[in-house]
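Please examine the sequence and the structure shown below. The briefing that follows is arranged by topic.

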Amino acid sequence: MKSTRLVLCSILLCGTTPVAALAEGYQGAPRTELFNPALTSCIRDTSAFKKAGPYVIGFSNAGLGDSWRVVALDELKQGAQDHKDVIKKLIITDAGHDDAKQVSDVQDLVSQGVDLLIVSANTEKALDPVVTRAMKRGVPVIMLDRRISSDHFVTYINASDPEMGRLWAQWIVEKLHGKGNVVMLGGQAGSSPNENRMNPALEIFKQYPGIHILDTVYSDWSPVKAKQVMQAVIAKYGHSINAVWSAHGLQVPGSIEAFVEAGFKPGEIPMHTTADINGALQMAIKYKVPMLEVGDPPSQYRLAISVALKVLAGTPLPCVVTVNSQIAVTPGDETASIRGDLPITDLVVPNGAPDMLITNDLGPNYSPSTAHIDYPH
């Protein structure tokens, strides 16, 4: 089984030399920064947070509702283990995707006197007040993968949700030559990954009057729920569906299953967008589904520990730390704007588990169901 290790490097953090590189495909600095026409001058002064270690770091997790988040948590634990010489304890809480529980979790972590808090917010608005209060009390907060609605944090680590949403939408537009019917298959409504991918995608679609959004449905990142909601959509619209814009790959296998069970033959299933999930790529090849993969690497959680240590060392940091997104397309489905770093046939692990995340960097033998990551706790 081959392993895919992504570049996890912000230009401002690591210069222009990648921390780690793929054996093939794109190996440069994050494209989100390179192609951004705006001045990215927002730098946080973290000198007020400088203190001597060893440190106690708290992590408030939105929940473990899908395989991506299970792998991401293991990445975080591995990051703490990598730096066990300076990290005395990593305290992890799990809100079970309940806003009230996560608010309580953050308050509890602050009361325990953590030196720094990492938060992956269940929803943007609900967690904003408690994170803001933590910052006002002098506890530095790093937002990871999911942010709050305000900018009351030190930095935000993410694989550019807007970039993912726009790339997926532009690819669909060009594949359809500006005319066709699209279903929006969202993840968790109200979560920043969903909103910050879907809204930029809609900005793209609105530029093309020939593109019609047939329906918008939500999967809560679950392939089971995705299958259910897509069965209803297919029953209503049938073969008039030309494309499925999906906010991640977690729900894509369920969507494709719904089309297969509805009688769509290989080559008839509408194009899908995806990220990270091996099973989605396997099904794209098996059922001849045109597909664009833009990675959302869970290994950003491992990077969060290194960023946390920079905050506690008083090192200036960018307000947003961007990680790379690998781009892959099914052979023959590139468009004028969207070119893959490698074909999906090279990115997929043919004999790998369907729920395997091809963008993890925990090694070729890693399995979320059997792994035990030792870490200071």
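Helix H7 (residues 192-205) lies across strand S7 (180-186), S8 and strand S9 (243-246), and runs at about 170° to S7. Helix H8 (residues 223-237) also lies across S7, S8 and S9, at about 140° to S8. The model is predicted.

**The sheet**

- An open sheet is formed by seven strands, ordered S8-S7-S9-S10-S11-S14-S15, with mixed pairing.
- Its edges are strand S8 (211-218) and strand S15 (342-343), each of which pairs on one side only.
- Strands of a sheet pair through backbone hydrogen bonds, in either a parallel or an antiparallel sense.
- Strand S14 (residues 327-329) pairs with S15 in the parallel sense, over two bridges.
- Within S15, Pro 343 stands opposite Val 329.

**Nonpolar cores**

- The largest nonpolar core comprises 94 residues, and those with the most contacts inside it are Leu 76, Ile 118, Phe 205, Met 230 and Trp 245.
- Helix H11 (residues 300-312) supplies the largest share of this core, nine residues.
- At least three residues of this core come from each of domain 1 (43-159 + 299-325) and domain 2 (161-296 + 328-347).
- A second, separate core has 20 residues, including Leu 117, Ala 121, Leu 127 and Met 143.

**Confidence**

- The average pLDDT of the protein is 90, and 90% of the residues score at least 70.
- Residues 1-23 have a pLDDT below 50, and this stretch has 70 contacts in the model beyond near neighbours in sequence.

Technical notes:
Residues numbered from 1 in each chain as written. Predicted model: local features only at pLDDT ≥ 70, side-chain atom pairs only at ≥ 80, totals over all residues. Heavy atoms only, no water. Pairing = 2+ DSSP bridges. Helix = DSSP H or I, 4+ residues; strand = E, 2+ residues; numbered from the N terminus. Contact = heavy atoms within 4.5 Å. Axes fitted to C-alpha atoms, helices over the stretch in contact; angles between N-to-C directions. pLDDT = per-residue confidence, 0-100. Core = buried A, V, L, I, M, F, W, Y, C linked by side-chain atoms within 4.5 Å. Buried < 20%, exposed > 50% of the residue type's maximum accessible area, 1.4 Å probe, protein only. Domains from an automatic or database assignment.
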